[in-house]
Amino acid sequence: MDGQLLLVLLLLLLGASGLRGQGPGGPEEEPPEEEEVPEEDGILVLNQHNLGLALRAHRTLLVQFYAPWCGHCKALAPEYSKAAALLAAESAEARLAKVDGPAEAELTKEFAVTEYPTLKFFRDGNRTHPEEYTGPKEADGMAEWLRRRVGPSAMQLADAEGAQALIDSRDVVVIGFFRDLQDEDVATFLALAQDALDMTFGLTDQPKLFEKFRVTKDTVVLFKKFDEGRADFPVDEELGLDQGDLSRFLLTHSMHLVTEFNSQTSPKIFSARILNHLLLFVNQTLAEHRELLEGFGEAAPPFRGQVLFVVVDVGASNAHVLQYFGLKAEEAPALRFINMETTKKYAPAGGGPLTAAAVATFCHAVLSGQVKPYLLSQDVPPDWDRRPVKTLVGQNFEQVAFDETKNVFVKFYAPWCTHCKAMAAAWEALAEKYKDHEDIVIAELDATANELEAFPVHGFPTLKYFPAGPGRKVIEYKSTRDVETFSKFLDNGGELPAEEPTEPMAPFPVGARPKVAVSGPVALGLPVARVKQGCSFQLVLCLQDTPANDSAEPKEEL
């Protein structure tokens, strides 16, 4: 009996423990613990499963979509980590994260990621409308871009001491004077301040500050420690504050009247959106050259906003600038004018002294159309037509390309362009194949050393076909760069057969800064990066550091 009682008690205990935790509908499951988002170097590592958790946990999140094989992503990685460290040291609210794009195909599709790296900014857990990151790719710039979105983009000033301290703290400070800080013009001002990272912003509605700084109406004032000292942009009382107009004003007036060209100043020179540049080439080690700078500066004020005055030291690392303008260091001092839109270049006639009056007269003459542009050209080589690939320069291009008895296929290249080098063997083979065809000419022209009046060359390599006959017809080739496809194009009179699929491989557009394009492995069933097939070329390229590489701006297309 005692044994049976023990057995019953044991069964009751087992049953109770089995029922414990069960509700009327069956066993209750313990709520799953939310996984912790992993980190690498202070950067959150996101995937399809934890992105939502990260968005709930962090009010502001900058997410980089990258590919492990992408060269541009690898270059960005250390700066991205530094930016994360900077923000962490400040206990900033913003966090940085990353997503392996090829491994997270669903996320790349959800956020329409088409190239690497792509950065998107998420605010308040909003997963459907992230902001595209448009800021710099270096650590300090990324951190400042985020600071201005998380906190105020402009400091509110309450008294004269605070305003003066802000003005004294930087070379360029912008203060908005607004009677009503709830006005929509203030929102426009703050929106601009978010992205103008090279300037410091403040704003005030205090009457005593209006009086101190001699402001009588709503005005944006740029204070600077050079040239005129300040520049005022009154707000239009009827139209309000136009962000585009204000942006152009600030860019123009934040520049020195005369800017010395170097690697630090070149980005600002080309972002100033002033199309006309006047360049004075001098050797800064020579006293007689340095004396010219005063007169050059005296001529600048009337042209502010219309012509950017730039000094180029021929004794510094600016050989590429000299080459672009067809100058030698020993020709300094020299004056050159260029329009950035047309890339037309102008030189003053004669060799008179470079006084302030002479500089101003030359500027006025170019702007009024009284000076003709000049074109660069190498000398015609004596053996230009002895090889299968004929060598063209500016001086003989018209004669050869527009010969009405010949079909001329020309490669416009840059000596440093890796895409041009990659297709060199195919171009030589094509010329060898057609060398006995009397009516076909295969040629090449170095477009960095020769300029053409007929048309500008904006990308490398550019391939153009000039068919025989009248009319100066020009056909641009935009298909695969191999001998077989080239041959079909030539044999078919300058077009590919209708059934031939074409794969556009156009040069990069003007405005793309050269970087190395790195192709990646084919990931079966995943998006594959397509390496862009050309090199951009423009003044911004030639006047920046001489390129060692030549692809598009730092993105890889999917």
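Pro461 sits in the loop between strand S23 (459-460) and strand S24 (462-466), where helices (H or I, at least four residues) and strands (E, at least two) are DSSP runs numbered from the N terminus. The peptide bond that joins Phe460 and Pro461 is cis, with omega about -15°. A further cis bond leads from Ala332 to Pro333, with omega near 5°, and Pro333 belongs to the loop between helix H13 (319-324) and strand S18 (334-339).

This is a predicted model, in which local features need pLDDT of at least 70 and side-chain atom pairs count only at pLDDT 80 or more, while totals for chains, interfaces and linings use all residues. Residues are numbered from 1 along each chain as its sequence is written, and side-chain values use heavy atoms, with hydrogens and water left out.

The pLDDT, which is the predictor's confidence in each residue from 0 to 100, averages 84 over the protein, and 83% of the residues score at least 70. Over residues 500-558 pLDDT stays under 50, although the model has 176 contacts beyond four places in sequence for them, a contact being heavy atoms within 4.5 Å. Where pLDDT is low, the predicted coordinates should not be read in detail.

Arg214, in the loop between helix H8 (207-212) and S13, has a phi near 55°, a positive value in a residue other than glycine. Arg472, in the loop between S24 and strand S25 (475-477), also is not a glycine and has a positive phi of about 50°. With buried meaning under 20% relative accessible area, exposed over 50% and partly exposed in between (1.4 Å probe, protein chains only), Arg214 counts as exposed at 63%, and Arg472 is partly exposed at 45%.

Of the 558 residues of the protein, 46% count as buried. In helix H9 (residues 243-253), the buried residues are Leu246, Phe249, Leu250, Leu251, Thr252 and His253, and they pack against several elements, including strand S11 (172-177), helix H7 (184-195) and S13.
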